[in-house]
Amino acid sequence: MTTQTWVITGASRGLGRALAEAALAAGDNVVAAVRTPGSVADLVDAHPGAFLAAPFDARDVAAAPALVQAAIDRFDQVDVLVNNAGRAVVGAVEEVGDEQLRELMDLHLFGPAALVRAVLPGMRTRGSGTIVQMSSQGGRMSFPGVSAYSASKFALEGWSEALAGEVAPFGVRVMIVEPSRFRTGFNGADVLEFAEPSETYRQVLAAVRADMAGTDGRQEGDPARAAEIIVSLVHGEEVPLRLPLGREAVERISGVYRRGLAETARWAEVAQAADFADAPASVRPV
């Protein structure tokens, strides 16, 4: 199996850390892009020839080229980019302000986009490479209290779906991973942010807030197993465009598709009446 070089954001813990460990176990090189390099000092010590800890803020789009260049300087090329860094803000639309919403868009869309642009020239030249976009089941469905988080993940998925079609002719693959709840620090008190509750929505979102805060350490997903699956797919011949990860993600996203198809069928006649009566059938190339 050919050794590959990974760049993984948010690799200090959770799924990012598990991915770094799984890639190293597979014999690959890893560049961990983390805000605090000391958080992965044990991996530096254990894998001195195959692991590089690079200081990086995933929201800093201007720093993306330098990170990719550091990976190239150390390991000659970047074969796999994993945009993994992320977090959530819980609150009603009227409770979450512009600054919080923009911060999530920077973290989940603009930061990943900058890194993709930085790695693509090398991947296109070699005719190979894999971009792994860590989305969420919340990137295909949403519910009260997570509008800001889902908005940023929906944006990442739409951007990445277009990207996949653009780079496929150059031999570059894109995989959007949509995990359910995994036993990481995502729901921890030091990571998960709650908007100040208003009297208007306090009771409306009470169950959501309690569920999001109370699941830390009890999530059903195993990060190590998830990482093994992702690494195995990256080393394989084919990757799916979208990979719901975990039983809950498979069930919930399947339900979203079924409900969407049913609603489209229910309103199809009304919707189709919006066209000119003599308009020809669509012959668009995509």
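**Helices, a strand residue and a pocket**

Okay, let's start with α8, where there's a kink of about 45°, centred on R266. The bend at a residue is the angle between axes fitted to the seven residues ending there and the seven starting there. Helices here are DSSP runs of H or I with at least four residues, strands are runs of E with at least two, and both are numbered from the N terminus.

A quick word on the source: this is a predicted model, where local features need pLDDT of at least 70 and side-chain atom pairs count only at pLDDT 80 or more, while totals for chains, interfaces and linings use all residues. Residues are numbered from 1 along each chain as its sequence is written, and side-chain values use heavy atoms, with hydrogens and water left out.

Back to α8, residues 247-272. Its 26 residues should span 38 Å at 1.5 Å a residue, and the end C-alpha atoms sit 36 Å apart, which agrees. The expected span is 1.5 Å times one less than the number of residues. Which residues of α8 are buried? Those are E248, A249, I253 and G255. Buried means under 20% relative accessible area, exposed means over 50%, and partly exposed is in between, with a 1.4 Å probe and protein chains only. The buried residues of α8 pack against β7 (172-179) and β9 (242-245).

That brings us to L243, which is in strand β9. L243 has a relative accessible area of 15%, so it's buried. Leaving out residues up to four places away in sequence, L243 touches M175, I176, V177, E178, I229 and L233, where contact means heavy atoms within 4.5 Å. L243 and R140 are 103 residues apart in sequence, yet their C-alpha atoms are 11 Å apart in space.

Now α4, residues 98-126. This helix also has a kink of about 45°, centred on D106. R102 lies in α4, and at 56% relative accessibility R102 counts as exposed. From R102 to T3 is 99 residues along the chain and 37 Å between C-alpha atoms. After α4 comes G127, with a positive phi near 75°.

Is α1 largely enclosed or open? It's largely enclosed by the rest of the structure, because 9 of its 12 residues are buried. Among them are L15, G16, R17 and A18.

While we're on phi, look at D76, which has a positive phi of about 80° although it is not a glycine. D76 lies in the loop between α3 (64-75) and β4 (80-83), and at 64% relative accessibility it counts as exposed.

Last stop, the second largest pocket, at about 220 Å³. On a 1 Å grid over the protein atoms alone, a pocket is an open set of points where a 1.4 Å probe fits, with protein on both sides within 12 Å along at least five of seven lines; lining residues have an atom within 4 Å of a point. Grid points are joined across faces, edges and corners, and the volume is the space filled by probe spheres set on the points. The lining has 14 residues, with Q4, S128, G129, R173 and V234 nearest the centre. β6 (129-134) and α7 (223-235) each give two or more residues to that lining.
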